[in-house]
Amino acid sequence: MAGWLAPDESVAVNLTVNGEARQAHAPPRRTLADALREEGFTSVHLGCEHGVCGACTVLIDGAPVRSCLMLAVQGRGHAIETVESLCDGDDLGALQQAFDDNDALQCGFCTPGFLMLIEGFLRLEPEASRQQIVEAVSSNLCRCTGAVGIVQAALDFQSTRRRSP
Amino acid sequence: MTTAHGPLIGVSAPRRKNLELLAGKATYVADIGLEGQAYARVVRSSSAHARLLGVDCSDALRVPGVLDVITAADIDDIRIPIRLPFAESPEANRALQAPLARDVVRYVGEPVAVVVATDPYVAEDAAELVLVDLEEMDPVVDTATAGEPGRPRLHSSLGSNTVNQLAFRYGDIDAAFAEADIVVRRRLRVHRLAAAPMETRGLVADYDRNSGVLTLWGGAKVKHFTRSLLARVLGLEPDKVRVVEVEVGGGFGTRGEPYPEDVLIAWLARRLERPVQWIEDRWEHMVATNHAREQEHDIELAATAEGQMLGFRVRGWCDHGAYIRTQGLLPVVLPMLHMPGPYQWQAFSMDLDAVLTNRTPVGTYRGPGMTEATFVRERMVDILAAELHMDPADLRRRNLIPAESMPFVFNPGPGSSGVMPIAYQSGDFVESFDEMLAAADYHELRAGRQRARSRDGKAGVGMAVYIEFAAVGPFEEVDIICDGRGVTVRAGVGSVGQGVETALAQIAAELLGAELEDVSVEFHDTAEIPQGFGAFASRSTVLVGNAIAAAVNEIRIKSAELLGCGPDGIELHRGNATGPDGRTVPLAELGGVRGRFDKDGLTASFGGAVCSASVDPADGRVRLDRFLVAHDVGRAVNPRLLRGQLAGAASQGIGGALFEELAYDDNGQPLSVTLADYMMPTAAELTPVDLAVIEHGSPSNPLGIKGGGEAGMVGSLGAVVNAVADAIGDGADLLSSSVSPARVWRALNHQSSLDGAGRPAMET
């Protein structure tokens, strides 16, 4: 890296999203959330852009991260996963199905963030207790459902995954 | 009626849309990216009340990538009109908002200028360079005194900050108080809240010079009103304006009214002749999108020693913020309409003032007016019960309007002003009340409270009952088109994340004998839908559902004519009408058929909430152990969706009581501008909401439906605060609808939950 960049001069940001390498270009101050959205991953939703609501949650190297609090350039060299990776072809994956079964969504805006939060959390803590799951789910905000269905969806998904990991 | 599946109304059909939403494939307004799209950033007032001496845009205009910067001087001097002209006054119409501030700014967040750039980051940078020259004036931030003489005036064309005074006199109020053994008096405050949908507002506008058509994406709720407004202010014919709804991340009453930004973004797209996108950020949302609830009420309630509630007097002030917006005076009209509730009063007297303060304008938020009035009335009922040493449930039951008095009307008497009769068409309030107590297992809740207290716990039980008025007219129309592929229903309402398209498809499929999956419901684009009033007041399923029923009747009449029989002999099944003689006509031959449902007045439903709570004396934290909502929906079209609506609304209300508050300081500076300050409840605080769905069919429409989208909210503040007051005990005088940990802690330490002029002390 040599010299200073002009304001908003784009730099190459090679991202690996859902297992696929992508040659993105973004100014250094572009958030990862905005860069992912510009790359077409509009499932990454922005509800507050200050790290509270969690609608922009994606997985970075398997851990849930608020992508509004990261710069795109910080994503270089890391494996990023978005909700698109949870689908099973045209069908829903098991966690998404558990959301549908438990009325864990209404308007759907917070949903991709919750899905990635739970996916990432249960990968890290597959044997988490109910209390730990409630605590993890409380990282994100849902304004429509009352969140109880989201906790139940996480619990159902945990048992599904235990049966067929 | 027979269909391929049997009945569909009343079945929990799966929600449409879920697959798209779960796969992350839905298109919200921020996801729209048109060729050549530019990005707008609104420059907002940093002061609550100030003379606007000048706006210097020169530095901003020099930033590379900036396309335009506009101020009030660039646009016509227009005001955004009232959409719902109930109790409208000349004063209210002199307090309408201009899209950009002229001469004076009146709240923090008021739009002053708009910057448009080729990149949203650049637009935001340049907005910081717009110099707004303000000369500070004294702000008005206290609701109850805002209208008094001598206060600074927000609008110089008005004699005071009061824009209307409503009065409702019923019965002989002096006689009722003369007869009383006991009178309880309090000043109660309803705190300022926000709907705060997870998706902020957003718009994309595009003007096509060749066709002369202006298209606005992101309008929802009242698309046809927005279309007429834009046509008028842009000088276009209405058919040259399209308002298109995309996926919506929560509405709750605040999204989709035409705001200043709707006019500005459309105007800019036309001026620049390129697409312009504006996405509200969260800070903006907390100061720019309608607030709700802020009110104060002096109320006195007269009763006999045996617990007969005779009458009440209320003198209240309802804050409308700095301007009257599209919802007009609903923030004062609706509390008045809902204040008497389900009780058999001998008399009451209500005086409610609509006042202006230097804060963000107030509009409607799920359960508007009814949530505030229910808190005020039901809190007083509990205070009376405590004074009389009565079980609050017994006190309520003995005062409910009996079923034999239905239909029931409170007619405004002499001295009333600006109000209409309060009419209940049907219902058995006592039976519904007992259903609610049984579902909540009330006696067990009370026993559990005693057990906790015997272990020195601070446990309480509270409830609130209410009447909700919903399903406002005047009418809705639908077109039903049957063709070889299925059935299309076009309607003028909107989907705001509530799943209305599923319920409407069920009604159409059942009445037409169609497969549910063959019915599509369209309401997204004003270019394709004749007209419509929109999604508010829990009206969509009632109004459009019955318009669908009217269209299906028309289909029966038309096919009967072709088949030479009476309409009652027609059987509709999978796209065909069959007469009694077995002859058949395909519905596709009928072309589009229109149905219309006209509705006078409002539909009243009884409901309530029961809550048990415990309080931690160390830090004032409240834990809800049980929360139940009971509501008479008339007829549940889709019980599962309905339950989602009731539980979701209750959870929002619980958050409002326990955590959320839009606080301001004495200078009118907002203190809750991030989601870290405006604390919404999460999975860790929320409890499962139990539901008792009551189905006493409504006589007001052929399908018998009542509203259901907002009801879970209405009793929430009252039930939670009553439970917390009961838990604290010792006559805890909780007078605010907020029972945040700080307020509860103060109450535990025998300090008022209000201070000074009735505003809460700052949370520290």
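Author: Let us take chain B as the part to examine. Of the 764 residues of chain B, 60% count as buried; a residue is buried if 20 or more other C-beta atoms lie within 10 Å of its own, exposed if 12 or fewer, and partly exposed in between, with C-beta atoms placed from the backbone. This is a predicted model, in which local features need pLDDT of at least 70 and side-chain atom pairs count only at pLDDT 80 or more, while totals for chains, interfaces and linings use all residues. Residues are numbered from 1 along each chain as its sequence is written, and chains are lettered from A and ligands numbered from 1 in the order in which they are written.

The overall form comes next. The C-alpha trace of chain B spans about 80 × 70 × 50 Å along its principal axes. Its radius of gyration is 27 Å, which agrees with the value near 27 Å for a compact globule of 764 residues; the radius is taken over C-alpha atoms, and the globule rule is 2.2 Å times the number of residues to the power 0.38. Chain B has 19 helices and 28 strands, these being DSSP runs numbered from the N terminus (helices: H or I, at least four residues; strands: E, at least two). Among contacts in chain B between residues at least 6 apart in sequence, 80% join residues at least 24 apart; two residues are in contact if their C-beta atoms, placed from the backbone, lie within 7 Å.

Chain B also meets chain A: 41 residues of chain B are in contact with 42 residues of chain A. On the chain B side, α1 (18-22), α4 (120-128) and α16 (639-658) each supply at least two residues, and the largest share, 6 residues, comes from α16(B).

Some details of the backbone remain. Most residues other than glycine have a negative phi, and most peptide bonds are trans. A cis peptide bond, with omega about -10°, joins Met406(B) and Pro407(B); Pro407(B) is in the loop between α11 (392-399) and β16 (408-410) of chain B. Asp103(B) has a positive phi, near 70°, and is placed in the loop between α3 (90-93) and β4 (104-105) of chain B. Asp103(B) is exposed, because 10 other C-beta atoms lie within 10 Å. His389(B) has a positive phi near 55° and lies in the loop between α10 (370-388) and α11 of chain B. With 7 C-beta neighbours inside 10 Å, His389(B) counts as exposed.
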